[in-house]
Amino acid sequence: MSLVAGYAVSRAAFGAAALAAPRPLGELLSGEGGTAPDAQAFLRGMGGREVGLGVGLLAAVRGGASARPWLVAGVLSDLGDVLGISGAWGGLAADKRAPGVAFAGLAAAAGLVLLSRTS
């Protein structure tokens with residue numbers, strides 16, 4: 001499996017986990033506030049986005065199409081997550097701030113590395 005395909009499967013798997021179990025994921029990512037119904041609704045939406053990006057990227061790779069548009073979309077989504085977490089910084093539990101930004105930032109960085117290696 002290529003790195004891009006593995007990245008695609010990882011995105012889709014994370015998205016499926018968010019769809020299937022938003023409460024524990026919300027608690028892991030943002031503490032007690034992540035268990036609220038509105039946070040769970042947001043996480044399901046994010047999960048759907050991740051499934052869509054992962055499946056679309058995997059289909060492009062397997063079908064011989066360019067992965068670049070899917071990688072760009074993923075990087076932009078991840079950077080949006082970084083900005084979203086940063087904007088909510090003061091309202092997040094102190095122990096959840098840096099890990100959330102780091103997780104989203106690493107996902108964006110991984111996408112950028114793959115983008116730089118993809119024609």
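This is a predicted model: local features need pLDDT of at least 70, side-chain atom pairs count only at pLDDT 80 or more; totals for chains, interfaces and linings use all residues.
R11, R49, E50, D78 and D81 are joined in one network of salt bridges, which makes a handy place to start.

Take R11 and E50. The two side chains form a salt bridge in which the closest N and O atoms sit 2.8 Å apart. This pair ties together distant parts of the chain, with E50 coming from helix α3 (residues 37-63) and R11 from helix α1 (residues 3-20), 39 residues apart. Both partners, E50 and R11, are buried.

R11 also pairs up with D78, again through a salt bridge, this time at 2.9 Å from N to O. Like the previous pair, D78 and R11 are both buried.

E50 has a further partner in R49, and the closest N and O atoms of that salt bridge are 2.7 Å apart. What is the relative accessible area of E50, and is E50 buried or exposed? The value for E50 is 4%, so with the cut-off for burial at under 20%, E50 counts as buried. R49 comes out otherwise: its relative accessibility is 25%, which lands it in the partly exposed class.

Stepping back to the charges overall, the chain carries 9 positive and 7 negative side chains. The centres of these two sets lie 9 Å apart.

As for the fold itself, the chain is built with five helices and zero strands, and reading along the sequence gives the pattern α-α-α-α-α. The radius of gyration is 15 Å, close to the 14 Å that the globule rule gives for 119 residues, so the chain is as compact as a globular protein of that length. Along the principal axes, the C-alpha atoms fill a box of roughly 45 × 25 × 20 Å.

How much of the chain counts as buried? The answer is 37% of the 119 residues. The accessible surface comes to about 6300 Å², and carbon and sulfur atoms account for 69% of that area. Contacts reach across the sequence as well: among those between residues at least 6 apart, 62% join residues at least 24 apart.

Two individual residues give a closer look at such contacts. L29 is found in helix α2 (residues 22-30). With a relative accessible area of 27%, L29 is partly exposed, since that value falls between the 20% and 50% cut-offs. Setting aside residues up to four places away in sequence, L29 touches L43 and K96. Its C-alpha atom is also separated by 6.2 Å from that of G100, a residue 71 places away along the chain.

Q40, for its part, lies in helix α3, the helix that also holds E50. Q40 counts as buried, its relative accessibility being 13%. Which residues does Q40 contact, leaving aside neighbours within four places in sequence? The list runs to P22, R23, G34 and T35.

Methods
Residues are numbered from 1 along each chain as its sequence is written. Side-chain values use heavy atoms; hydrogens and water are left out. Helices (H or I, at least four residues) and strands (E, at least two) are DSSP runs, numbered from the N terminus. The radius of gyration is taken over C-alpha atoms; the globule rule is 2.2 Å times the number of residues to the power 0.38. Buried means under 20% relative accessible area, exposed over 50%, partly exposed in between (1.4 Å probe, protein chains only). Contact means heavy atoms within 4.5 Å. Accessible areas come from the Shrake-Rupley method with a 1.4 Å probe; for residues, only the protein chains shown count as cover. Lys and Arg count as positive and Asp and Glu as negative; His and the chain ends are not counted. The place of a charge is taken as NZ of Lys, CZ of Arg, CG of Asp or CD of Glu. A salt bridge is a side-chain nitrogen of Lys or Arg within 4 Å of a carboxyl oxygen of Asp or Glu.
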